[in-house]
Every structure is written in structure tokens, then in C-alpha cells.
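Me: Hi! Could you walk me through this structure while I look at it?

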Amino acid sequence: MVEQERVRRRTQRSGRSEEAEETTAEAVGEHLTDRIDDILDEIDSVLEENAEDFVRNYVQKGGE
Amino acid sequence: MSVGRVHKVIGTETEFGITVRGDPDFNPVLASTQVINAYAGSRPRVRWSFDDECPGRDARGFEYRGDTPFDADSGLVNTVLTNGARLYVDHAHPEYSGPEGFDPLEAALYDKAGEVILARAAAAAGPLLPEGRRIQVYKNNSDGKGNSYGAHENYLVARALPFAALVQHLPGFLVSRQIYTGSGKVGSENGRPRIGFQVSQRADFFEEVVGLETTMKRPIVNTRDEPHADAGAHRRLHVIIGDATLSETQTFLKLGSLSMLLAALEDGALPAPVALADPVQSVWRVSHDPSLRRAIPLADGGTITALDLQWRYLGWVGDHARGEGADPVHRRVLDTWEQVLADLERDPSSTADRLDWTAKLALLEGFRQRDHLEWESPKLKALDLQFHDVSPDRGLYHHLVRARRMVRLFDDAEVERAVAEPPARTRAYFRGRCVERFGSQVVSANWDSLVFDVGEATLKRVPMMNPLRGSEDLVAGVIDASGSAAELVKALGGDHG
């Protein structure tokens, strides 16, 4: 069954060029490792003061 | 068996989390009321009419009676917006019910508009509060302490489709789609096994396969049968198992994949349902496995991963849609779905630019490594909560978007239009435009009617039983040409568009 699925998958993807997929993958990977420290520093500057207190006081009533 | 497809009108409802910084003993009902009132401001207030609502009606063919678990008073603080949405206090949360979208892209846009509206509402409530206090609103589904609140999806479905068919087909789909619908959560709740991080906010709370409840013993397939349309022709499938999603791609994919599955089901284009051996256990088992490698048991004795199960659904739905000649929006659903599954399979973290759970996980892992934090650290839980803050200044999702670490589907101008103007191709157009033009004369509204006070002895009710009528091409002319609600009602005559 699993083998059949993989065949189906390849067929599905046949419309897409391999090259395009490679480019996307690379771009995403770069995106994620790049500037990670920058974003952590930025978030540090806006993070709720006293995390413990903030988390403790975040209590919701059930809804729906 | 083909039962004849109905156009998949889609709407989302979100209950937002709320807290008051500087007041640990805040009253959530009061705070929610302040948020809604601050946004409504001096605009005419439109009451919500419950005349046609019947949340106790069960799609399996009976009516719930006795002590009703449903809160019929939830419309006390209510307003209807010019974009056709309903904004109100539901229990102890502010809730935004988006207008009817013509397709998954439009429904996702109006879902995003709801976040902007709540962010502005919370900011507008600021001046009403004592010095040092601030209302903060969250688009998430859990407080991390065992309390969950919902993000519901609604899809128009053919009445002729037997509800039993939905019950057979949906569990396998809804359990496995979590890999691209989850918003991610630090820790577990509701007695589920301890874990550092899981895929979904909601998974820990599902305890039944099928049922009418939404607040306790939550079912994977909800049976509320309240079509808000001609009940002879339509159902409204009410899906309660999804997470509230911030990523626009994710909301689009969540709504697009299920609406296309439903269309395939109506056309009789799906093979025999994939039956899970234990759907309830599988919900949290899929969510508790961010590696996406765990296989879940099938009723026939085999096993399958959530990814492989989703590949199957994509194959069936894609074959059906391409055979039917899918339009660009639905082709985009298929492309997004395929790319997301392929990337999840290769490396889940490669989807962090499109999915909330992987974006959140990447951020948390960054902090864990830099600050040497354990999963139990309050800082990680605080980061988890703050990811969902709707404020553009505080919300971490917004920081990731501005840093171009997450992609968007919509630009600011499109979202701004959706905050103010209704969808053009559904009855939400009529509702929104009437509120805009004749708001002070709209006495009450609900999904399928508007009631006007035209200064006569009796109020005038305009029914809107067909979700696709009342659209711009049908009613814009008469709305624009009418100088008052009385003229509008007269012009509509017996035919209400």
C-alpha cells in the first residue's frame, strides 16, 4: 500500500520541475538559519516582563 | 454515489483568549464586553436574532432537550459589522464570526481581518481602563491549564449527503490534517501524557468520535445541524477540531483542503473511507509527534502515518478536482497542499515560513539553544502564548512576518478592505452593506435574515435563505439607489435578491 502511495505521489509531482523544488528548499533553509539571533534579540525586547507571572495569570474560562 | 455538489460557502468563527495585564483578578466577561463596546463605539448597534437558531438539533436526526448546555444569552453584547461579520461576547471570550466567504481564499482573508479587528478593539478599550492596566487578546485555543476555546469552521454541504458518510470519512482526514493545521503548543493538558512540544493546541481535548457537544467530551465530528440556510437543500458542516491559525497559508490550506474533500465526497469521487482503529487516541498521538514519523493504527489491522494518509487524500481530491476543471483558487489549494506535504516529509522545519507550529517550534528551539532552557521553563510557555497575541507590536507571529521569516498571502490593502467591506459574492454583501447604509434602521440580524424598522407599525424582515444570493451583482444597484431602509424594503418587494 505504501509503495502505491509513493507512486501516486511521484505522478502528482511530475508537473513540477525538479529545479524549482530545489530552489525552494534552499531558500527556505537559508531563511531559517539566517538572522536567527537577530530575531531572538528582537523578541527579547518585546517579551512579557516576568514570564512566570504572565503565564500564571493567563487563565481562560472554557468557551464554545 | 453522487448526491450533487453545492457551492462550498465557508465561514470561520474564532473565540479569542483575553487577559488584563496589571489585574490578575480580571473579570473576562467584563473585559470582553469592554473590547466589543470599544470597537462598536457610537456605531448603531444591531441585535442578534436567535429566532432561527437551534444549536440543539442533531444531524443524526433528533433534537437535544432537557438542561440545555447551550448559552442562548450569548448575544447580549453583540454587533454586526460592515464587512458582514458578527462581533460579540460569547461566554467569557470576545468572538468574531466572519462573513460567508465564496471560496477558501476569501474565507481566509476575512479570518485575518478578524484578527485586525480584535487588535484594534483591544487597543480602543485601553483608555477605559485604570492606569497601568491593558487588555490583551490572543488568537489561540488553550490557556495551558486545561481550558480550551474554539476556532470553528463552517462549510455548506448538500443535505442529500448522508450524515453517516461524513462520520465515516472525516475522522481519518481530521486526525491526519493536524500536521498542517496545528498551531503548536508547549506541554500537554487534560490528562494526556507529558510532552515538551506538540503540533496542535486542541488535540488534547478531543474525547469522542461523534457528538453534539462543543465544551465537554468534545467530538472529532460535531453533529450540530443548524444550516442557517434552506434546510431542505443544505447542511452546515460545523468543524470544531481545528486550531485557530495565524499563518494565512495555513488558514487557506485548512479551509481549502476540507472544502475540496467535501466536494469530492458529494460527487461520489472518494473510495471507501479510511477507517482508523482508534480515532480519539490517534488525535493526540499525531499531535504529540512533531517528527511526524509515528504510524497510527487502521481498523483493517494496518498502520499509516498522518503524512501518508494526507498524501492519499490529496491524491483522491486532486484527481477529482482536475477532472472537474478546478479554478485557479482550487488549483492553488492543491499546489499548496502538495508543497507543504512534500516539505513536511523532507524536513518539518522547512515549513516554518508557512505553518504556525513549525514557525513556533523553530523560535522555541532558538531560545532553548541560546538560553539553555528546559521545556518546563516559563519563558517558553510565555513565548508560546505571546506568539498568538493579536497586537502587531507584541505578537510574535507579527514579528516573524515583519522579519520576512513567514510569508503572507494577502497584502495590507486587501486586509484593510476586508475589515470594512463585505465579500461581494455571498449574502454577506447584503448584510454588510445594509449595516453600512441603514445601520440605525437594522433592528436585528442573523445569518439568514435582517429585520428593519422602517417607521411603520410592523418590523420588516428580509429573509436570506440562499447564502449565494444577496451578492453584489444582485443587490448593489437597489441598495445604492435606496435613500432609506423603507425604500430598500419597498424596492426589494417580494423578491429579496
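Me: Before that, what kind of model is it, and how are residues and chains labelled?
Reply: It is a predicted model, in which local features need pLDDT of at least 70 and side-chain atom pairs count only at pLDDT 80 or more, while totals for chains, interfaces and linings use all residues. Residues are numbered from 1 along each chain as its sequence is written, and chains are lettered from A and ligands numbered from 1 in the order in which they are written.

Me: Great. What is the strand order in the open sheet of 6 strands in chain B?
Reply: The order is S4-S5-S6-S1-S8-S13, with antiparallel pairing. Strands here are DSSP runs of E with at least two residues, helices are runs of H or I with at least four, and both are numbered from the N terminus. Two strands pair if DSSP finds at least two bridges between them.

Me: Which strands stand at the edges?
Reply: Strand S4 (78-80) and strand S13 (234-239) of chain B; each has a single partner strand, so one side of each is left without a neighbour in the sheet. The twist averages 20° from one strand to the next. Angles like this run from 0 to 180 degrees between N-to-C directions, and axes are lines fitted to C-alpha atoms, for helices over the stretch in contact.

Me: How many bridges do S4(B) and S5(B) have?
Reply: There are 3 bridges between S4(B) and strand S5 (residues 86-90) of chain B, in the antiparallel sense. Asn78(B) is opposite Tyr88(B) in S5(B).

Me: And what about S8(B), is it buried or exposed?
Reply: Mostly covered: of the 8 residues of strand S8 (residues 151-158) of chain B, 7 are buried. Buried means 20 or more other C-beta atoms within 10 Å of the residue's own, exposed means 12 or fewer, and partly exposed is in between, with C-beta atoms placed from the backbone. S8(B) runs antiparallel to S1(B), joined by 5 bridges, and antiparallel to S13(B), joined by 6 bridges. His152(B) in S8(B) is the bridge partner of Glu13(B), and Val239(B) in S13(B) is that of Glu153(B).

Me: Which helices lie across this sheet?
Reply: Helix H1 (residues 28-40) of chain B lies across S4, S5 and strand S6 (93-97) of chain B, at about 160° to S5(B). Helix H2 (residues 104-125) of chain B lies across strand S1 (10-15), S5 and S6 of chain B, at about 25° to S1(B).

Me: I'm looking at Thr12(B). What does it touch?
Reply: Thr12(B) lies in strand S1 of chain B and is buried, with 27 other C-beta atoms within 10 Å. Leaving out residues up to four places away in sequence, Thr12(B) touches Gly98(B), Ala107(B), Asp111(B), Ala151(B), His152(B) and Glu153(B). Two residues count as in contact if their C-beta atoms, placed from the backbone, lie within 7 Å.

Me: Switching topic: what is the order of the open sheet of 4 strands?
Reply: In chain B the order is S3-S16-S17-S18, and the pairing is mixed. Strand S3 (47-48) and strand S18 (460-463) of chain B are at the edges with a single partner strand each, so one side of each is left without a neighbour in the sheet. S3(B) pairs with strand S16 (residues 442-446) of chain B in the parallel sense over 2 bridges, and Trp48(B) stands opposite Ala445(B) in S16(B). Helix H13 (residues 428-438) of chain B packs on the sheet, touching S16 and strand S17 (449-452) of chain B, and its direction makes about 165° with that of S16(B).

Me: How far apart are the C-alpha centres of the two domains of chain B?
Reply: They lie 29 Å apart. The domain assignment, automatic or from a database, gives domain 1 (10-346) and domain 2 (424-492). The contact between them takes 21 residues from domain 1 of chain B and 22 residues from domain 2 of chain B.

Me: Last one: how many residues of chain B and chain A are in their contact?
Reply: The contact takes 47 residues from chain B and 32 residues from chain A. On the chain B side, H10(B) gives the largest share, 7 residues.
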